[in-house]
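Please keep the sequence and the structure in view while reading.

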Amino acid sequence: MYEILKNEVLGSNIYLFEVKAARIAAKAEAGQFVIIRLHETAERIPLTIADYSREKGTITIIFQAVGASTRELAEYKAGQKILDLVGPLGVPSEIEKYGTVVCIGGGVGIAPIYPIARALKEAGNKVISIIGARSRDLLFWKEKMAAVSDELLIATDDGSEGRKGFVTDVLKDLLEKEKIERVWAIGPMVMMKAVANTTRPFAVKTIVSLNPIMVDGTGMCGACRVAVGKETKFACVDGPEFDGHEVDFDLAMKRLAIFKDEEQRILAKGQCGGGCGCH
Amino acid sequence: MSLRKSRIEMPAQDPKERVKNFKEVALGYTSEMAREEASRCLNCKNPLCKKGCPVEVDIPEFISALKEDDPARAAKILKNKNNLPAICGRVCPQENQCEMHCILGKKGEPVAIGRLERFVADWEREQGIPDPEKVETINKKVAIIGSGPAGLTAAADLAKFGYQVTIFEALHVPGGVLMYGIPEFRLPKEVVQQEINYIKKLGVDIQVNFVVGKTATIADLLEEGYDAVFIGTGAGLPNFMNIPGENLSGIYSANEFLTRTNLMKAYLFPQYATPIKIGKKVAVIGAGNVAMDAARTALRLGAEESYIVYRRSAEEMPARHEEVEHAREEGVQFLFLTSPVAYKGDEKGYVKVMTCQKFALAEPDESGRRKPVAIPGSEFDMEVDTVVVAIGQGPNPLVPRTTPGLILTKKGNIQADEETGATSLSNVFAGGDIVTGAATVILAMGAGKKAARAIHRYLQGIEK
Ligand SMILES: Cc1cc2nc3c(=O)[nH]c(=O)nc-3n(C[C@H](O)[C@H](O)[C@H](O)COP(=O)(O)OP(=O)(O)OC[C@H]3O[C@@H](n4cnc5c(N)ncnc54)[C@H](O)[C@@H]3O)c2cc1C
Ligand SMILES: Cc1cc2nc3c(=O)[nH]c(=O)nc-3n(C[C@H](O)[C@H](O)[C@H](O)COP(=O)(O)OP(=O)(O)OC[C@H]3O[C@@H](n4cnc5c(N)ncnc54)[C@H](O)[C@@H]3O)c2cc1C
Ligand code: SF4
Ligand code: SF4
Ligand code: FES
């Protein structure tokens, strides 16, 4: 059992949890994730390690309450315990001194981009970060991101904060103006696809972090397979980070929607408390 | 009364009923049946049956106890060698193991050793399994990686020697394939957990949610004070065919399909939150035990038609005869000499059509195996909405990749001595599917048993 030490609301429907997990904290690196199972009848869901403290033996996860499992998790309070937590999974980000790099976090993707930006900064890179969301109430960690970036740029779809528009608009200006060595982008699949398309003409290597459906997270089931270049990869063990110019995003998006009907069914169950006999 | 040539049949659920539920198919002997079957055993002086048991069960001895209507003693004899009798009695390929050697098999049917083993284990479980006797502890620690049959057996035997044993398991429950792969209707998960509870009572500590190679490496464990390590991580990496369209939605590896259903209990969705999508027409590629399990599971999940699609013919099917029979009775259909070459999907990316090719079998080659050869121009389309790829599993590289100095075979399996499990690293042993490639429960247990002995010798400073 893994105790939740802190439950904080970061923005509309966005939550931050700090969880006691000393073994995972001891090994965690930027780019890795955990899988949690809340209780006996829950599913296993992957969440990125947004931060960790080796001293305190804690990890931080940030998530958006979008479906049944994340909504249920959002109800958990500090002091309560999560039944299963396993990690750190996945291959850590390739951190080196590249020169000038751009780190892009879209929506809840701001959380996983943070440890990467921090590590890149510590490795001596000039880090330009772009964070974006639909509107300002979905933005979080501005100060934290600013602290690990040489420059922090903001974009919102509705213009309620920073530049009105998409992160890709900001990125395009940067690419035209400055020599960028590498780009990291984490966020919704459509955003990562758009970022990859933006950098392609500039031939700037772009790393994206894929978030397919997973079960075990150890390479055993193949649920998380994604097409990268001509090959099929298992995102949980070969990724989750891949070269965005090689990823088949359309396939990845279709695979994310496999269980759409079932997701609706289980949400309906949650809302009426079950026992209604209608599902 | 003359000796019966044939064994006592074991009652089973009616096929028409059982395809609608996940309850166990085979129902087990009653005490009368067990006693009668036991009475067929000749109690041979030189029991050939024993040669076929990788964990060396004292077969005539436990059967004698049954004849004398003393199931408690039978259980004790059985448990002395076999830590997982209720599991073995159900899933051991007995026809190729102990029963293949039984003397009665020469003129009639061999003694139903597996069924008797199951009876004894079930009888004991119903009575409440007595706690094991305490042993004197040895102040040395052994780490076991993976809690499948290999790891569980090595752990239990080492605990019986007196070592302090910890199992590290990646998933949230121990049991390996016994929990995530083999379906509930062949091996109830409650039975597996009770046998594992017995192993815990021997003093074995089981840490779940611990991926060796990620949460900690073997080097970390040795540094933390473990004196030896046993690797029993299985063959968990699913193979795909790498043909066009294989990543469409609705195409699962057998591992995913079975893990969702068994481990995550998707058949109880939405009471259990893990979903599974099952179409009307399901094609399972392959014809081993795993494929049979998937095809039968598909029917239970509500598929209208479930097909086994296999490149060779009925004779070459690697699945156990009994499994094929059960599948047939339940309505699974067989498409032999057929293999998919491509899949096509709808606009949302769900698989809809499987393009297949027909095969013919060539004359046997030197190895005596008839090779399937594709028939040109034989392609045809088949409508499907779910596909399960069950063409085998390879070794998971997580542990090997993070263990410098561990020598692997060309296929990526760990190189280990067959008799001792010794690897290229002096304090690291290995056994089960990670060494042999996908095999059987009992072979994995046999490997665990031999490795436990070898680890004992190693830790006592006797030659490796
Ligand atoms: C490696 C990895 C790291 C992740 N890290 C985070 C994280 O740090 N924070 C976070 O909030 N989420 C993260 N995710 C996504 C998260 O696992 C899913 O959002 C979660 O499983 C949804 O469960 P649910 O039952 O609440 O929603 P569901 O009912 O499963 O889904 C609700 C809606 O969300 C969409 N959805 C489902 N899964 C995903 C997904 N993987 N990505 C995007 N949309 C999805 C569905 O299509 C649906 O529209 C990560 C996924 C992976 C694979
Ligand atoms: C569907 C199916 C049906 C089968 N039916 C039969 C049958 O009827 N009869 C029969 O005899 N055999 C059957 N088999 C084969 C049999 O189950 C296997 O040969 C046997 O389980 C192998 O045992 P093992 O201990 O080597 O590995 P496994 O049972 O595979 O267990 C390995 C364990 O190690 C864990 N692990 C892996 N990597 C790590 C890591 N890095 N860190 C920590 N833990 C890790 C895994 O999660 C798993 O729990 C079947 C197999 C399948 C898949
Ligand atoms: S464990 Fe398997 S091989 Fe050994 S006696 Fe039992 S059924 Fe036969
Ligand atoms: S060989 Fe057959 S008859 Fe002889 S002891 Fe073994 S089970 Fe009994
Ligand atoms: S989640 Fe199962 S292989 Fe990646």
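The buried residues of helix 6 of chain A pack against strand 9 (100-106), helix 5 (167-177), strand 13 (182-186), strand 14 (205-209) and helix 8 (249-256) of chain A. This is a predicted model, in which local features need pLDDT of at least 70, side-chain atom pairs count only at pLDDT 80 or more, and totals for chains, interfaces and linings use all residues. Residues are numbered from 1 along each chain as its sequence is written, chains are lettered from A and ligands numbered from 1 in the order in which they are written, and side-chain values use heavy atoms, with hydrogens and water left out.

**Helix 6**
- Helix 6 of chain A covers residues 189-199; helices (H or I, at least four residues) and strands (E, at least two) are DSSP runs, numbered from the N terminus.
- Its buried residues (under 20% relative accessible area, 1.4 Å probe, protein chains only) include A:Met189, A:Met192 and A:Val195.

**Sheet**
- Strand 9 and strand 10 (residues 126-133) of chain A pair in the parallel sense over 7 bridges.

**Nonpolar cores**
- A nonpolar core is a set of buried Ala, Val, Leu, Ile, Met, Phe, Trp, Tyr and Cys residues joined through side-chain atoms within 4.5 Å.
- The largest nonpolar core has 78 residues, and B:Ile59 is among those that touch the most other members.
- Helix 17 (residues 441-459) of chain B supplies the largest share of this core, 9 residues.
- A second, separate core of 56 residues includes A:Ile35 and B:Cys356.

Key
Buried < 20%, exposed > 50% of the residue type's maximum accessible area, 1.4 Å probe, protein only. Contact = heavy atoms within 4.5 Å. Pairing = 2+ DSSP bridges.
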